[in-house]
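Subject: Structure handover and notes

Dear colleague,

Here is the structure I said I would pass on. My notes follow below it.

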Amino acid sequence: MSLKRCAFLLSRVSTRAVSLRSAGAAGCTHGCFMSCVPLPCHPEPGPVVSVSRRNGSSSSASRPPDTSLFVPLNIKADYTGDGSVGAELTQQLDKSEVLKVLNRFYKRKEMQRLAAESGLDARLFHQAFISFRKFVLESGGIGADLHIILNDICCGAGHVDDLYPYFMRHAKQIFPMLDCMDDLRKISDLRVPANWYPEARAIQRKIIFHAGPTNSGKTHHAIQRYLAAKSGVYCGPLKLLAHEIFEKSNSVGVPCDLVTGEDRTYVDPEGRQSGHVACTIEMCSVTTPYEVAVIDEIQMIRDLSRGWAWTRALLGLCAEEIHVCGEAAAINFVTELMYTTGEEVEIRNYKRLTPISVLDYSVESLDNLHPGDCIVCFNKNDIYSISRQIEARGLECAVIYGSLPPGTKLAQAKKFNDPDDPCKILVATDAIGMGLNLSIKRIIFSSLVKPTINEKGEKEMDTISTSQALQIAGRAGRFSSVFKEGEVTTMHRDDLPTLKEILARRVEPIEIAGLHPTADQIEMFAYYLPEASLSNLIDIFVSLAQVDGLFFVCNVDDFKFLADMIQHIPLNLRSRYVFCTAPINKKQPFLCTSFLKFARQFSRDVPLTFDWVCRHIGWPVVAPRNIKDLVHLEAVHDVLDLYLWLSYRFMDMFPDANLIRDIQKELDSIIQAGVRNITRLIRASETHTSSGTPSVPDDTVPLYRPFSKDMTVNAQEYIGNRVQKKGQRRVRGSKASEVRLEDGNSQGQGSLSSRLVNEGLLTPDLLEQLQREWSSGHSDSRDDTLAEGGRTGNKSKPKGKKNKK
């Protein structure tokens, strides 16, 4: 053996602990012992988040972390240079004896207790031991010091407890968060969010709370002060509300800009910012100074998903006056929250401007509808069903639901409000609760059960809350509408007592506000945990987050869903975080697929051009022929929204926002036309379904183009080929029943012809031509040809005919 290796060995052996007791007396600052190889020291994080503690509490007194979120890293041996030194000085290890030694170490209660004191609970201890055992038994070189220790123990010259320092060294390599837990707790300390906004704390703000029910004029009074100020910002929950204030402000001569996630509209031709801005609440600036700020619908501060945006606006807006509008249930909470900033709250209470009453009878039948009625449903299928039944009675109705584009919602609202339009009935979801001025006489609840997301992020069906019921019912008899009194009832008699009970309850007072981890906080987490995925970083952050009694961490399931979806795509952390905050409905498969393609194209550093997007969405699209087509177009509109949203975060990679906005307006018009004819679309869908066509997921159904007159392929041959291809799936020798194309009363009528017409493979003119040819004596051969691929599920043989192959 070389002299160099001997010197190396002596230096290693001289530093190792000879027993557990001596090792315990010489613990290092990293929580392990003198033979531990310490991780590199990390610089202190920048002043991004406050680490001050309320009531003198410290991070050491916080709850233990959820260790199920700690994902062990895979590590490789780095002893390639000295892997054989231990064997040269001692002997080759007997792996069967080593396994016995390791198992004895694992069963030692003292080792488990010591590991727990260093942050390894039972779960982590087990995971670390499995990894350590695999490392020792399967690694090509484990290091001379560990090799000698194992050999000594196997020979009876050492104690099994001597493995502890080496075990802990390995555990901290696969669980790096063990060495930086205190730093992670500081980063995730959310107990004093008011300190995150130094600009707002530098001024003494005046808080004015406008409290009252719907249609009480509270927002109107706040907006009047907003318009009279030299500068101001309006923060609303919906694009429609922001757009309404934008138009109202400019119409009275107060220049106002519009800022939403997908749009920036500046009234100045050169793009200079105006003194006033109307925005969605997520987009408000907490660094720009204003004279007046208006925060609308403050009760949404407790929303499980979006509450953080109201918390941020209330604590962070730099305005001399903050006008807060919302339910009286939020007064005490806002007052208490402002005590933490040293700001007083002035309360202004308002009463409803027009009376509203709960009827003693239910509607029971759609035959009992009157002009000005609005039927409220809580799912889209009920919207379709009820609107179909209403128009079957010779009445016209407008429909409004959440996934419709804003332009279509406004068009339907205008149609319903127009006194000269025959449409006097509205069918809507609770999307009418905010953002639309509607002339409603009577609100009719079709149901009182609505799908909700609980505190755990789980979906469940539950009766609507008093706050939701009041918000919806309050749309009846608006002060600005033609109806000066409002009425509320139910469609079904059994629901009426429940509705009265809900409306009679006191609205539960708001007690907590939402918070959400920022990009800076997650970046700091990633500095300490560079190998963790973004979803895992979020989980660990929420697990370690410390909040006081006034706050909670908002639901991050949608964020994690997107993070997991693009985890395999190479993106830097900041870009990945921005992508995952995109407003996406994860229930729409086409939208999720588009999101994935956008991220993949972005990662390749290839701009997403107008032509690329057009190819992806199949532009130009055609008018919807059924409900599935309409739903798909709604998803396409959301894809264009996603492009515009990303274009304001990554302008170079999404360069064609203006062109995308142009085709989005055109698409909005197509959707508006489809919604105006929604009953026809529903009828087409019912025919489509009754014909036995396999169902297609709503958001993935393609839009087929009709036949053009100059097609060179013979229509009959094309249809025959389509049928023959479908018939190939049938088991050889199976028999099919007769299928006829006439729209007569024969069995199976409409099944194939309706399908071909709906798919655009057959036009009505071609259908009539085929009918004429059928009646002229060519029916036998064509019947047999179509029967070969028409009804593969029916194996009965029609009487009087032979089934031709």
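Asp 430 has a relative accessible area of 26%, so this residue is partly exposed. Please keep in mind that the model is a predicted one.

The partner of Asp 430 is Lys 450: the two form a salt bridge, and 2.4 Å separates the closest N and O atoms. Asp 430 sits in the loop between strand 12 (425–428) and strand 13 (442–445), while Lys 450 belongs to strand 14 (residues 449–453), so the bridge ties together parts that are 20 residues apart in sequence. Lys 450 has a relative accessibility of 18%, which falls under the 20% cut-off, and therefore counts as buried.

Other salt bridges

The structure holds 31 salt bridges.

Glu 346 and Lys 206 form a salt bridge in which the closest N and O atoms are 3.9 Å apart. This pair links distant parts of the chain, with Glu 346 in strand 8 (residues 345–349) and Lys 206 in strand 1 (residues 206–211), 140 residues apart. Glu 346 counts as partly exposed because its relative accessibility is 31%. Lys 206, at 40% relative accessibility, is partly exposed as well.

Glu 501 forms a salt bridge with Arg 505, and here the closest N and O atoms are 3.6 Å apart. Glu 501 has a relative accessible area of 47% and is therefore partly exposed. The value for Arg 505 is 42% relative accessibility, so Arg 505 also counts as partly exposed.

There is also a network of salt bridges, which links Arg 108, Glu 110 and Asp 161. As background to these pairings, side chains of opposite charge can pair when their charged atoms come close.

A buried histidine

The last item is His 170, which lies in helix 8 (residues 164–174). Is His 170 buried or exposed? With a relative accessibility of 4%, His 170 counts as buried, because the cut-off for buried is under 20%. Which residues does His 170 touch, not counting residues up to four places away in sequence? On that basis, the contacts of His 170 are Ile 75, Ala 128, Ser 131, Phe 132 and Phe 135.

Regards

Methods. Residues are numbered from 1 along each chain as its sequence is written. This is a predicted model: local features need pLDDT of at least 70, side-chain atom pairs count only at pLDDT 80 or more; totals for chains, interfaces and linings use all residues. Side-chain values use heavy atoms; hydrogens and water are left out. Helices (H or I, at least four residues) and strands (E, at least two) are DSSP runs, numbered from the N terminus. Buried means under 20% relative accessible area, exposed over 50%, partly exposed in between (1.4 Å probe, protein chains only). Contact means heavy atoms within 4.5 Å. A salt bridge is a side-chain nitrogen of Lys or Arg within 4 Å of a carboxyl oxygen of Asp or Glu.
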